[in-house]
Amino acid sequence: MSVCLKTCFVGSRLLQRGCQPAAAVPNRRALLPFSSATAGRCCSTVQGEVRVRFAPSPTGFLHLGGLRTALYNYIFAKKYGGTFILRLEDTDQSRLVPGAAESIEDMLEWAGIPPDESPRRGGPVGPYMQSQRLELYNQVAQELVERGHGYYCFCSTQRLELLKREALRAGQTPRYDNRCRHLKAEQVQEKLAQGAPHVIRFRLEAGVKPFQDLIFGLNRHDVAQVEGDPVVMKADGFPTYHLANIVDDHYMNISHVLRGSEWLISTSKHLLMYQALGWKTPTFGHLPLLLNKDGSKLSKRQGDIFIESFLREGVLPEALLDITTNCGSGFTTNRVGRGLEELISEFNPSKITTHSALLDLEKLPEFNRIHLQQRIDDEQKCPMLIKDLQQQIQQLYAAEIQDQEVLEEDYIRRMLRLRKGHIASLKELMGPTYSYLWVRPSFSIQQVAALTTEAPLIASFVLRLVEEQGEELSVDRVSKDLKGLTKLTKATKYREVMKLLRLVLSGLQQGPSVAEMMVSLGPAEIRHRFQKLLLALETC
């Protein structure tokens, strides 16, 4: 079997055709199709296995920017029948946050974009945590030294700090001066024999070749002109990002690297390392940044951008996925209310632009309202909402619930359907406005007397209305019958009648319509609450 590739670079007008044999699974790589509409971007025909990865560092919890990167990788993989990998880059041991590694995978699963391979799920190219792959990184670092592309550096932290201060004093960008690059072999061996602390640096070479980014087109950064040789293996035996990143992408057979555009400038450096090791490079695509609506950077200090905080606030994962893609690019439509399957179906990589995506979180409640409505209408998803609501009711009102019927599935489903489109999250139903649904309200005879002297007549009418309508109440019919109350009352206007009914049903002065309240509560509960009113009137 062979994999045929056709690649055209519009900006350079270079056309290449060729065939190559497919390597053993899972080491088949190929470019994906991109439109030639944008000059300098590449278009190609896809054949072969697609393997992408999301590689966060567990130095913090998953936030919106990370979720968006993971989402684009997930959609890319599913669009082309590929594999989505979660790899945790935990080599910076001093900054690890306890629980962050587990939470990142938890949040991906909650969001509905679980990895196919990960630390938790395992897979054929694990381990999937970099701290468990140290021997591999050390072998590759030694190989770089043996090939002449790496060298031992014995410069002390004091000397490096001095270089940095002198550069800043001169108004220059700090960079290593490559001093140890010029040590003779016998000098190196002598220092190693003495056990001198050291790192391994990669030897940057001038004349970097340009590379084709799937989104930003033709790019080239001559890093040797502006940077010193970078450290690839630290003194503590842990690799730096630059080495671990390319080693893992190579050995995990990553075909496409989709990451934030902040890494675009580092890609030339990575390509030099691939070249030094004689490895085939993956295809790179750098996603534009996700910013606040005013163009400022999303900051972890904002607190509310962490995915766990959205979960606690009752935000649905579909709403988060929808809003983070709606404000960006890469899809054939830009409508609100798309689910994950629709996002995959409408995904078109050639439509990803280089413009930053401006995120307006003030619109999130509207996105959540729409997706909550869709869940209520979905026979498969609604039971999950009901279960969630049952747990919240029990946690908040356990000691106050007087009738266990409020926890029954039919009761909660009826209430959800009536409130559909009016609420933006289930948490709203736990607030004071809706407490009457779960707990019987209290009111005083003085409140009743302030509204009408005809309370017994009105209560009797409501009880008779419920008996006549039977067990299946409808908002339209109840509304129509309630208007007939004004024909019976002599001293009470319709407005005061409604205030009394609302008081008895909910203990509130505002809220849903009285008819909707009655349909939500159902005949049995209506009878109980108005019989309570009659009893109170008789005993006063």
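Predicted model: local features only at pLDDT ≥ 70, side-chain atom pairs only at ≥ 80, totals over all residues.
Strand β7, which covers residues 199–202, pairs with β10 in the antiparallel sense, over two bridges. These two strands belong to an open sheet of three, with the order β6-β7-β10 and antiparallel pairing. Which strands form the edges of this sheet? They are β6, residues 150–153, and β10, residues 231–233, each of which pairs on one side only. On average, and with direction ignored, neighbouring strands of the sheet are turned by 45° against each other.

R201 lies over the face of Y176, and its distance from the ring centre is 3.6 Å. In a second case, the ring of F154 has the charged end of K191 over it, 5.7 Å from the ring centre.

My next topic is the aromatic rings. How many aromatic pairs does the structure hold? There are 11. A pair of this kind is described by two values, the distance of the centres and the angle of the planes.

Consider F211 and F284. Their pair is edge-to-face, with 6.5 Å from centre to centre and 65° between the planes. F211 belongs to strand β8, residues 211–213, while F284 belongs to strand β12, residues 283–287; the pair therefore links distant parts of the chain, 73 residues apart. Are these two residues buried or exposed? Both F211 and F284 are buried. A further pair is formed by Y411 and W438. Why is this pair called edge-to-face? The planes of the two rings stand at 70°, which is over the 60 degrees required, and the ring centres are 6.2 Å apart. Y411 lies in helix α14, residues 409–419, and W438 lies in the loop between α14 and α15, the latter being residues 445–451. The pair therefore ties together parts that are 27 residues apart in sequence. As for accessibility, Y411 is buried, with a relative accessible area of 3%, and W438 is buried as well, with a value of 2%.

I close with a group of rings. Which residues do ring pairs link into a cluster? The members are Y72, F76, Y80, F331 and F347. Thank you for your attention.

Terms used: Residues numbered from 1 in each chain as written. Heavy atoms only, no water. Pairing = 2+ DSSP bridges. Helix = DSSP H or I, 4+ residues; strand = E, 2+ residues; numbered from the N terminus. Axes fitted to C-alpha atoms, helices over the stretch in contact; angles between N-to-C directions. Phe/Tyr/Trp six-rings, centres within 6.5 Å; stacked < 30°, edge-to-face > 60°. Buried < 20%, exposed > 50% of the residue type's maximum accessible area, 1.4 Å probe, protein only. Lys NZ or Arg CZ within 6 Å of the ring centre and 35° of its normal.
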